[in-house]
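I opened the model to look up a few things about its chains. My notes are below.

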Amino acid sequence: MSMWMIFKVAVRAIFRNKTRSLLTCLGIIVGIAAVIAVMAIGQGAQTMMVKEISSMGNNLVMVFPEGRGHGPVSGGMGQGQTMTAGDAEAIKKELSHLVQGVSPQVRSNVQMMYASKNWAGNVQGVSTDIVLISNWVVEEGRFFSEEEEKRAARVCVVGTTVKKNLFQDEDPIGKTIRLKNITFKVVGVLGSKGANNWGQDQDDVVMAPYTSVQRYLQRSKFANINMMNLSLISMDDLDEAKREVGALLRQRHHLADYQDDDFETRDTTEIMNTIGSVTGLMTVLLTAVAAISLLVGGIGIMNIMLVSVTERIKEIGLRMAIGATPANILMQFLLEAVVLSTVGGAVGVVVGIAGAEFIGSVKGWPILIQTGSTIAAFAFSAVVGVFFGFYPAWRASKLNPIDCLRYE
Amino acid sequence: MGTKHLIEIRDMYKIYELGDEPVHALDGVSLSVDDGEFVAIMGSSGSGKSTMLNILGCLDTPTKGSYLLDGVEVAARTATELAHIRNEKLGFVFQNFNLLPRTSALENVELPDLYMGRLSLRSRRKRALELLKRVGLGGRHSHTPAQLSGGQQQRVAIARALMNNPPVVFADEPTGNLDTKSSIEIMNLFTELSHEGITIVMVTHEDDIAAYAKRHIVMRDGRVMCDDHGEGGMKTTEQVSQLVKEALS
């Protein structure tokens with residue numbers, strides 16, 4: 001008997017007991033739908049986190065001076081005073097085969113004033129490379145120029161949060177704001193980046209040339225910087241870049257072999273790895289939940305198939321008497337189980353996607369439905385059918401035709 | 001070898017181990033059936049006639065002994081091999097019809113060829129319709145068993161038995177569930193088929209039904225008590241009764 005014929009027999013048997021078949025499918029539907037929905041929500045969340053991390057910068061590596069203790073007093077990260085803008089320039093010049101942009105960064109918390117408004121915020125002294133490094137978009141006006149950076153011009157660009165608080169609807173371009181009572185001219189407005197992973201508003205920022213911040217706002221006798229942001233040409237060279245940056249800084253800081261580094265590098269892969277391990281654990285848990293729900297659904301199928309074999313024992317006997325081989329009988333009942341489970345799987349996929357979209361729209365969560373995992377879930381439902389359908393089908397195929405025909 | 005028989009069994013034993021004592025359902029039976037014979041196997045219940053039919057029909061295997069069907073030894077075969085033999089060489093008609101429920105008469109008749117896969121869809125349908133016409137159900141091919149009378153269901157079963165053109169048809173109490181009128185119709189149909197050259201081996205305990213057969217075999221306790229080898233022409237019911245009585249006395 002051809003597979004197509006056996007398939008038709010199996011489908012017909014399923015339609016004879018519509019209610020029972022539906023209830024049997026339900027176990028698989030619930031299992032698959034749960035897997036699809038939870039995966040869609042989980043993957044949506046993961047993708048959003050990854051996207052936010054990459055929005056921090058373009059192949060970003062951060063270098064912090066390490067706070068070396070003075071006697072018993074330890075400094076915090078970024079508090080060491082050994083790193084200078086000269087280090088940044090050296091990296092840019094000597095490691096241009098690895099690094100496409102370097103920006104020193106100095107910070108100053110100041111009270112900003114414009115007309116009658118004032119706002120406390122963070123002024124970041126950076127170089128023009130920061131646009132490339134941190135993927136900033138200049139929405140209005142322009143970024144400050146290299147020439148302005150060199151001569152420590154009192155110019156700045158503002159983030160949207162600062163713009164909103166100081167200027168409201170006014171056009172800030174060309175206006176003068178006062179930072180620590182020093183006047184700076186606003187030349188541009190940065191495009192919005194929103195909050196980062198830690199909930200910090202990335203738009204609450206004023207950027208000025210680091211030279212200007214050092215000269216006018218920090219007024220320090222030291223030329224130290226708080227950190228450096230580097231943008232690598234390729235993340236593939238991460239290890240090499242870290243090594244070479246380290247070697248260069250050690251040389252510039254005159255560190256002897258026995259001395260520890262007086263700086264520390266950080267990159268986003270570390271954060272990505274952490275997120276990866278968290279989501280990895282989540283995936284394991286979800287897989288376990290999915291496996292259990294599909295196990296329950298599969299047992300439901302096995303149960304119904306055993307009932308079905310007993311119920312149709314006379315049919316089995318007759319089919320055997322007129323020439324059905326054990327393999328024919330096995331295939332008939334196996335296909336019936338597989339059809340039940342794959343129909344359940346297909347409906348489960350649809351219900352799962354609809355459920356995820358619904359939850360996503362109600363809760364405002366990002367939803368990501370991946371074709372690969374959807375196909376995998378569906379394929380798994382077929383595997384469940386084969387696995388749990390095999391025993392009843394095998395039992396049917398081993399029956400003796402006379403016993404079946406005589407069965408009362 | 002002599003003449004080649006269609007069915008030839010030699011020293012056939014079927015022994016069931018029930019409790020302490022083994023039960024000999026068949027106790028060293030030897031017999032042969034030639035092409036075109038119409039045989040009635042008779043005997044009371046427990047005589048071994050059903051066991052005999054099951055083994056002849058390749059539904060069961062003997063404990064001991066040889067069975068040549070159409071010149072081929074079939075006594076010790078696997079379940080799959082037996083299924084192929086049943087499909088290609090044997091037709092079955094059962095007491096309780098055994099049609100697939102909620103399935104049309106036509107599809108019931110087509111079933112043996114579905115397992116054989118010899119005919120195309122069209123010629124399979126054509127042959128099934130011809131067979132239904134032949135058993136007198138020309139206009140009822142789309143009826144399901146529930147829409148047919150007992151006699152009509154048995155006709156469908158006979159058409160199904162003939163689907164793969166087997167050399168022999170086995171009938172197990174074919175009229176056991178039928179009224180007198182239907183019984184006569186069914187037996188007349190068997191007689192016609194016999195005249196057309198189809199070999200029929202039938203099990204019955206009713207003398208009037210056995211009277212339709214040409215040859216009569218009477219069994220008791222797993223042994224053949226009497227075999228008239230079809231000699232002396234057709235017998236009346238009374239003659240059959242007499243034969244059985246003499247055999248068992």
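Entry 1, ground rules. I am working from a predicted model, in which local features need pLDDT of at least 70, side-chain atom pairs count only at pLDDT 80 or more, and totals for chains, interfaces and linings use all residues. Residues are numbered from 1 along each chain as its sequence is written, while chains are lettered from A and ligands numbered from 1 in the order in which they are written.

Entry 2, the chain contact. I looked up who touches whom: 20 residues come from chain B and 19 residues from chain A, with contact meaning C-beta atoms, placed from the backbone, within 7 Å. On the chain B side, α2 (79-89) and α3 (105-116) are the elements that give two or more residues; helices here are DSSP runs of H or I, at least four residues, numbered from the N terminus. The most comes from α2(B), with six residues.

I checked α5 (residues 150-162) against α6 (residues 180-195): they pack at about 20°, axes 9 Å apart. Axes are lines fitted to C-alpha atoms over the stretch in contact, and angles run from 0 to 180 degrees between N-to-C directions. The two helices are therefore roughly parallel, a term for angles under 35 degrees. In α5(B), Gly150(B), Gly151(B), Gln154(B), Arg155(B) and Ile158(B) meet Ser182(B), Glu185(B), Ile186(B) and Leu189(B) in α6(B).

Key
Parallel < 35°, antiparallel > 145°, perpendicular 65-115°, else oblique.
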